[in-house]
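Please examine the model shown below.

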Amino acid sequence: MALRTGISSRILRSSSTFALRSMSSWWRNVEPAAKDPILGVTEAFLADPSPDKVNVGVGAYRDDNGKPVVLECVREAERRIAGNLNMEYLPMGGSVKMVEETLKLAYGENSNLIKDKRIAAVQALSGTGACRLFADFQKRFCPDSQIYIPVPTWANHHNIWRDAQVPQRTFHYYHLESKGLDFASMMDDIKNAPNGSFFLLHACAHNPTGVDPSEEQWREISYQFKVKGHFAFFDMAYQGFASGNPERDAKSIRIFLEDGHLIGCAQSYAKNMGLYGQRVGCLSVVCEDEKQAVAVKSQLQQIARPMYSNPPVHGALIVSTILGDPDLKKLWLKEVKAMADRIIGMRTALRENLEKLGSPLSWEHITNQIGMFCYSGLTPEQVDHLTNHFHIYMTRNGRISLAGVTTGNVGYLANAIHEVSKSA
Ligand code: LMR
């Protein structure tokens, strides 16, 4: 017995030495991660003590005083929800009511696909979560597939499909000289991709460029997708922000549906309802029939379960309360339009200010582009200059978030842009 105790305490001692040694070295190889190219800008902005500082980095709407906005329809929904409901888990696929209302926004109030229950849809953690769920689903059920991503795109798209281990390819999108769409090269890339490829498309208000195909161009894209048997995955993060009208902004998707495509779609309420931190959105996949939709939904739920089990309830309640009540929905539509209109006004103001300063460059693209962003054409060095000398914060690709431009700072911003770009 004494012998046995001696041996086991020796084993214990040596294994705990091992444990101590390995514990101290567990994270020794961990290097700091690179700063996020978008959210890192906010961090730098917050750390700057200058009273002149301007944040046109992250795409988050501000009012004309530069303050975050909570929509009145959201406040009213919160009043109705408060104290009225329990805090039970949602199902793995999220709020059925929220998902139903969300599908109507993307697919149309009278969509036959909805009536025929052909859409597999789950609540997602905003647009990012919806994209990530889809990327994992794509990897699981089409393991050899790739995703074609526009150049440029929202930086996080690359991270999402990378972490889902889906190989990425790119397709032409933005035309450097015209600061518009490179439609011819985009169509070539669509034609040259192997049949049955997956493509990521921005449904409207392309981030970061603010450049969308025209209706006619969408029709041609859809036609070519049909010819090639490609799969279109739409990221619709800005429905309502392009034109001020969510119906109009869903046009690209509706064109694809008219042509009979089985699409996928990520929706988010971050921007159009201002529910940024609530992380509420939806992933939908159009299927051949109801049976397939049931199967696909069950698999999407199974992907969600080990990741976060089920989505949060509060944001979903806000959305379903607003969209389920005709008066609140009307108020929401009015408020989205007001946000879009303020941004359109700021585009004009920024361009006019630059022109008044006698800028030798053309700033027409500021008003040609749409949505929350202007892809200014400023170089990374010019952006650094703006930050270091003028305390103006934006992503280094030259994207200006018009949501951060106000009547109070537009003159300062224009002047600084003029200073850094006039000798270019
Ligand atoms: C942006 O592009 O600024 C937003 O979509 C915020 C984000 O998460 O990157």
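Ala205 is found in the loop between strand E7 and helix H9, where helices (H or I, at least four residues) and strands (E, at least two) are DSSP runs numbered from the N terminus. The phi of Ala205 is near 50°, a positive value in a residue other than glycine. Ala205 is also buried, with 27 other C-beta atoms within 10 Å; a residue is called buried if 20 or more other C-beta atoms lie within 10 Å of its own, exposed if 12 or fewer, and partly exposed in between, with C-beta atoms placed from the backbone. The model is a predicted one, in which local features need pLDDT of at least 70 and side-chain atom pairs count only at pLDDT 80 or more, while totals for chains, interfaces and linings use all residues. Residues are numbered from 1 along each chain as its sequence is written.

The loop between E7 (198–202) and H9 also holds Pro208. The peptide bond from Asn207 to Pro208 is cis, with omega near 20°. A cis bond likewise joins Val151 to Pro152, with omega near -5°, and Pro152 is found in the loop between strand E3 (147–151) and helix H7 (155–163). Arg279 has a positive phi near 50° without being glycine. This residue is found in the loop between strand E9 (264–268) and strand E10 (281–286), and Arg279 counts as buried, with 22 C-beta neighbours inside 10 Å.

Asn207 belongs to the residues around the ligand, which are Ile38, Val58, Gly59, Trp154, Asn156 and Asn207; a residue is near a molecule if its C-beta atom, placed from the backbone, lies within 6 Å of it. This shell divides into three nonpolar, three polar and no charged residues. In this division Ala, Val, Leu, Ile, Met, Phe, Trp, Tyr, Cys and Pro count as nonpolar, Asp, Glu, Lys and Arg as charged, and the others, Gly among them, as polar.

Helix H9 comprises residues 215–228. Its 14 residues reach 20 Å from the first C-alpha to the last, close to the 20 Å expected at 1.5 Å a residue, the expected span being 1.5 Å times one less than the number of residues. Which residues of H9 are buried? They are Ile221, Ser222 and Phe225. These residues cover an arc of only 100° around the axis, and therefore lie on the same side of H9; the arc is that of the directions from the helix axis to the C-beta atoms. On the other side of H9, Glu216, Tyr223 and Val227 are exposed. The buried residues of H9 pack against helix H8 (183–192), strand E8 (231–236) and helix H11 (251–258), contact being defined by C-beta atoms, placed from the backbone, that lie within 7 Å. Just after H9, Gly229 takes a positive phi of about 65°.

At the level of domains, the protein is divided into domain 1 (39–69 + 340–421) and domain 2 (90–324), with bounds from an automatic or database domain assignment. Their centres, taken over C-alpha atoms, are separated by 28 Å. The contact takes 18 residues from domain 1 and 21 residues from domain 2. On the side of domain 1 that touches domain 2, the elements that give two or more residues are helix H14 (326–356), helix H15 (364–368) and strand E11 (373–375). The largest share of that side, three residues, comes from E11.

Leu350 lies in helix H14 and is buried, with 24 other C-beta atoms within 10 Å.

Methods:
Two residues are in contact if their C-beta atoms, placed from the backbone, lie within 7 Å.
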